[in-house]
Amino acid sequence: MRCTSVVIAGRHPVVLHGLSQVLGAHRGFNVVACCGDGTSCIEALRNLTPDIAILDVSMSGVSWLEILSIVNSEGLSTRLVFFTASDEESDQVLAAAADGYSIIPKDVTAEVLVQSLQKVVEGQLLLPLPSSSEQAASPEQNAIRENALTTLTDRERQIMRLVSEGLSNKEIGRRLNITDGTIKVHLHHIFQKLEISNRTVLAALAISRSESREPP
């Protein structure tokens with residue numbers, strides 16, 4: 001069984017210690033560095049090239065957004081997992097419209113944390129479910145969205161379906177043989193047509209629409 005290397009970064013020593021203890025007790029993970037700020041985290045990502053990096057969104061020094069930008073611009077292979085304490089923090093990460101990251105809330109159990117990281121290792125992207133206000137659309141809103149769905153092009157429908165399967169922009173681009181930039185343009189158009197703000201809501205819409213069309 002291959003051991004997954006992990007870097008943990010956060011401003012709170014108790015969080016670093018807790019994560020290190022949880023993962024250290026699991027033979028499938030090897031914590032190669034615990035970083036107290038963003039600067040040391042970047043150094044660890046560059047020098048150690050871990051499989052996964054767990055980043056506390058409230059980290060000091062170099063921000064999570066700067067780390068995300070550096071990882072993308074330098075083509076680092078590490079899969080980023082953002083550890084969030086609230087819906088607001090999760091929304092901030094989602095609003096970055098970046099590619100290839102996952103989000104895990106801090107209130108999960110140790111067992112769920114390990115299971116979630118195992119899914120990340122397998123290549124899945126973990127994003128929070130839409131908030132209750134986003135899910136509980138009124139009948140009028142649902143009708144508007146249904147009408148808007150009919151305006152999507154075949155390509156936009158393809159992308160919507162692949163987003164619902166958890167694929168990143170890069171993976172969708174490879175599947176459809178188009179560039180990341182083209183994917184982002186299509187997603188922007190889809191968001192505008194459906195009047196939504198992020199790919200998590202888009203995935204939820206795609207899944208619910210697919211389920212509603214399944215034969216009894």
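**Reading burial, helix faces and contacts**

Guide: In helix H8 (residues 154-164), the buried residues are Glu156, Ile159, Met160, Leu162 and Val163. This is a predicted model: local features need pLDDT of at least 70, side-chain atom pairs count only at pLDDT 80 or more, and totals for chains, interfaces and linings use all residues. Residues are numbered from 1 along each chain as its sequence is written, and side-chain values use heavy atoms, with hydrogens and water left out.

Visitor: What does buried mean?

Guide: Buried is under 20% relative accessible area, exposed is over 50%, and partly exposed lies in between (1.4 Å probe, protein chains only).

Visitor: Where do the buried residues of H8 fall, seen down its axis?

Guide: The arc is that of the directions from the helix axis to the C-beta atoms. In H8 the buried residues fall within an arc of 165 degrees, so they line one face of the helix. Just after H8, Gly166 takes a positive phi of about 85 degrees.

Visitor: How are helices and strands assigned?

Guide: Both are DSSP runs, numbered from the N terminus: helices are H or I, at least four residues, and strands are E, at least two. Thr4 is in strand S1 (residues 4-9). Ala44 is in helix H2 (residues 38-48).

Visitor: Is Thr4 buried or exposed?

Guide: Thr4 is buried, at 4% relative accessible area.

Visitor: Which residues is Thr4 in contact with, leaving aside neighbours within four places in sequence?

Guide: Contact means heavy atoms within 4.5 Å. With those neighbours left aside, Thr4 is in contact with Gly28, Phe29, Asn30, Asp51, Ile52 and Val121.

Visitor: And Ala44: buried or exposed?

Guide: Ala44 counts as buried, at 8% relative accessibility. Beyond four places in sequence, its contacts are Val7, Ala33, Cys35, Thr49 and Pro50.
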